[in-house]
Amino acid sequence: MIVQTNTHLRQGIVGVTCFRQRERHYSYRLTWTVSHLPACLDALYLTRNNKLHSQENIVHKGFKYTRMSSEIMDRPGSNVVTKENLSDLPLSSAYETAMEALSSLITRQKRGDKTPVGGTYEKLDRMLMYIKILGLEEHIADLKIIHVAGTKGKGSTCTFCEAILRECGFRTGLFTSPHLIDVRERFRLDGLNISEDKFLLYFWDCWNQLKENISEGLPMPPLFQFLTVLAFKIFVAEKVDVAIIEVGLGGKKDSTNVIKKPVVCGITPLGMDHIEALGDTLGKIASHKAGIFKPQIPAFTVPQLSEAMDVLQETAREQMVPLEVAAPLDPKTLGGLELSLSGDHQFVNAGLAVSLCKSWLRNTGNWEKLFQDENNLPDAFLRGLSTAHLSGRAQTVYDPVLTSHSSSEGMASSSGDLIFFLDGAHSPESMEVCARWFSNAVKVNKDLPPSSSFKVGKVEELHRNGFCHPDNEEELAKISKRILLFNCMEVRDPQILLPQLVHACASSGTHFSKAIFVPSMSTYNKVTSGASVIPPDIHVRDLSWQLNLQRIWEKLIHGKDAVLDMSPKMDGPENLPPHEFLYDNFSDCNSVARNFACSAVIPSLPLAINWLRDCARKNPSLRIQVLVTGSIHLVGDVLKLLRR
C-alpha cells in the first residue's frame, strides 16, 4: 500500500528576545510503503463502524489509508488486536494498545545479565536481519548520520546538533533515549516529537513485518532494538536530511552500531557508569565507546582523563580515524546570548556539537554554500545553541498547582513557593555536575519571577533569558528550604552517589535542609504514554531500598548509624512526617526521633509531592527548592505528576 500526504511545517523561534520570530515553511511529499494497514488502527476503525468491509478508504486524523482485506485480522500472530476483542476496544485506546505491544518486548533480564536474549544470532547480527526485513538496508546509508556515544552529555550534545542543523535549514531527525513521559520523545522530526498518528503508522508497519518473519532463531527484538529499527524506519520514510543518533549503552555492541558509514562520530565525556556491562575501568569503558569509530570517518571528542583518551586515540590510529579534541565553547562567542541548556558543563557539550555540525556541513558539501566566515559562529549556530530543548536535564519548574492557586484573585501571598530542580544524574561524575548546577540555580533563584507570574495550569520551564527581577519584597524575603528528593536503581551504589552530591553541593556553599526518599512510579516492565492514567492511590510496596538510602544519608549527615523505627512496608497519610519536619533547621536534626531526623521515607511519589504542596500552602514565608535526581525515571515521574 502506498500512502501519500503533503505536510507543511511552521517553525518559529521562541525564547530569545534578540531575534525576531520568523517562519520557515517546509513543503514535502511523503511516500512510504507498508506491508498492510497497521492492524490496531484498522481494527479500531472497524469497531467504531461495527462492520467489516473488504476494502474502503478511510481518513484517520489527517492520514488517508486504504483499508486492506479483513482477512489480515485473522492472520495468526500478526496483530495485537483480534476480532474477539474488537468490540471492547474504544478508538481512544489505539496508542495505549501500541504501548502494550511495546511492553511485551521488555526482557526480564537484570542490568548486567549477559545471558542471551534468545535466538541463535548475536545482537548486531539480529539488528542487521531486522533492518533487512524492513527493507532499510540500502536506505540507512542515505541518512547522513551523526553518531554520538559517551557517558555524560550524549543527549545534550545530540540536542544541540539537531537544533543547529535545523536552524541551518535542514530537515532533522533525532533519536535519543530514554524518554521521560512518552516514548515519542525518542523520535524528533524538525525539533518536535513525532506525532501520535505517524508513530502509530510506522510502529504497526514495523511490528507487523517483523512479527511475520520471526522464528525460533530470530525472535522479536527486545525493546531498545525495536525502537532503534523504528527510528531508522521513521527517518528513512520522512526523508530527513540528517539523522542524529544517540548510542544507547556503550558503543561497540550497541544496537545503533549497525550504522556502517556515518558522516561524523562524537564521544562525549567518559566516566564510570554501567560498569556491570562495560567494564570496571575507564579504559575498558572507553574501548566500548570508541567502538562506534569507523575507518577514515572523522571523529571528535572532548578533553578526557588520560586513561580514556589513550584508548580513544589508540583505537582511532588503528582504524585511521582522524580524531580531534573539541574545546569547550567560549561563552564570549555567543554574542551575549546564553545556552538554552543550563549548567557550566553544557559548554563542553556545546563545543562538541559545534565541531560535529561544522564537520557534517563540510563533509556533505554544505558549509561553503551557507557560510564563509571561519572565525565566528554563524547566526544559525547561535539560534540553535540558544533554543535547543531537552527535558529533565538541569530543568527548573515551578509547581503548577501552587502557581494556579497563587494566581487566583486575592490569593497572591496565600502560600509559599514550591520549585522543582530536575536532573536525571545517576553516576558519580554526573552527580558532581548536577550539584554545581543546583548550587548555582538556587543562588540565582531570587532573581527569577515569583510563581504567580507563570501561566495557570501549565508547567513552565524557567530560562534565565529575558526575565525581569521581582520587585515584591515578600518574595525576596522568603526563607529557602532545600530538599533532596531522591531514588536510584539498586544496581547503582548510593554510598558513592549521595556523598558525591552532598560534598559537591557543600563545596559550593549549598546545604540541604532535608532529604526525602521515594520509590519511582515507573515500572521497568511496562511502557506508558503521557496520557496513561496515574492511580490516585499507589498500592503498598516494599520500601526496603528507600530505607537503605535513608540509613546511608543519616550516617553521612551524623557520622554514625541512625536509629530508624520504620517498617519496610507502610502506606497512607498517617505515615507522612508532620509539617514541622520541614520547618526545622538542619542543625536541629535528631537521628533518634524518626519524624525529626534529617530525612524521611514517603511510600509514594504522589504522596510526597502533595505533602510538599501542603507544607508550602501552610507557610507563605517558605520557598521550597526541591532537587529531584538519582534516576531519570524519577524525574520523568515528577514531570508526569506536575503536568496533570
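**Entry 1. Strand E18 and its partners**

I began with strand E15 (residues 479-486), which runs parallel to E18 and is joined to it by eight bridges. The model I am reading is a predicted one. Within this pairing I looked up Arg482, and it stands opposite Gln625 in E18.

I then looked up strand E14 (residues 417-422). E14 and E18 also pair in the parallel sense, over six bridges. Here I noted that the bridge partner of Phe420 is Val626 in E18.

Next I asked how many of the residues of strand E18 (residues 622-629) are buried. The count is eight of eight, so E18 is largely enclosed by the rest of the structure. I sorted the side chains by direction. Leu622, Ile624, Val626 and Val628 point one way from E18, while Arg623, Gln625, Leu627 and Thr629 point the other way. The residues of both sets are buried. I set this beside the general rule that side chains in a regular strand alternate between the two faces of the sheet.

**Entry 2. The whole protein**

I stepped back for the totals. The protein has 20 helices and 18 strands. It has 644 residues, and 57% of them count as buried. Among contacts with a separation of 6 or more, 77% are between residues 24 or more positions apart.

**Entry 3. The open sheet**

I traced a sheet of eight strands. It is open, its pairing is mixed, and the order is E8-E7-E6-E9-E5-E10-E11-E12. Strand E8 (192-193) and strand E12 (323-325) are at the edges with a single partner strand each, so one side of each has no neighbour in the sheet.

I looked up what packs on this sheet. Helix H9 (residues 306-318) does, touching strand E10 (264-267), strand E11 (299-301) and E12. The direction of H9 makes about 150° with that of E12.

Strand E6 (residues 172-175) and strand E9 (residues 242-246) pair in the parallel sense over four bridges. Thr172 has Val242 in E9 as its bridge partner.

**Entry 4. Salt bridges**

I found 16 salt bridges listed for the structure. The general point is that side chains of opposite charge can pair when their charged atoms come close.

I looked at Glu100 and Lys526, which form a salt bridge with the closest N and O atoms 2.6 Å apart. This pair links distant parts of the chain, 426 residues apart. Glu100 is in helix H2 (residues 94-103), and Lys526 is in the loop between strand E16 (514-517) and helix H17 (544-558). Glu100 is partly exposed at 43% relative accessible area, and Lys526 is partly exposed at 35%.

Among the buried ones are Tyr95, Met99 and Leu102.

The next pair was Arg171 and Asp190, a salt bridge with the closest N and O atoms 2.3 Å apart. Arg171 is in the loop between helix H4 (154-167) and E6, and Asp190 is in the loop between strand E7 (187-189) and E8. The two are 19 residues apart. Are Arg171 and Asp190 buried or exposed? Both are buried. The pair belongs to a network of salt bridges that links Arg171, Asp190, Lys198 and Glu238.

**Entry 5. Backbone exceptions**

I located Lys144 in the loop between helix H3 (123-133) and strand E5 (145-149). It counts as partly exposed at 38% relative accessibility.

Last, I looked up a cis peptide bond, which runs from Ser177 to Pro178 with omega near -5°. Pro178 lies in the loop between E6 and E7.

Conventions
Residues numbered from 1 in each chain as written. Predicted model: local features only at pLDDT ≥ 70, side-chain atom pairs only at ≥ 80, totals over all residues. Heavy atoms only, no water. Pairing = 2+ DSSP bridges. Contact = heavy atoms within 4.5 Å. Axes fitted to C-alpha atoms, helices over the stretch in contact; angles between N-to-C directions. Salt bridge = Lys/Arg side-chain N within 4 Å of Asp/Glu carboxyl O. Buried < 20%, exposed > 50% of the residue type's maximum accessible area, 1.4 Å probe, protein only.
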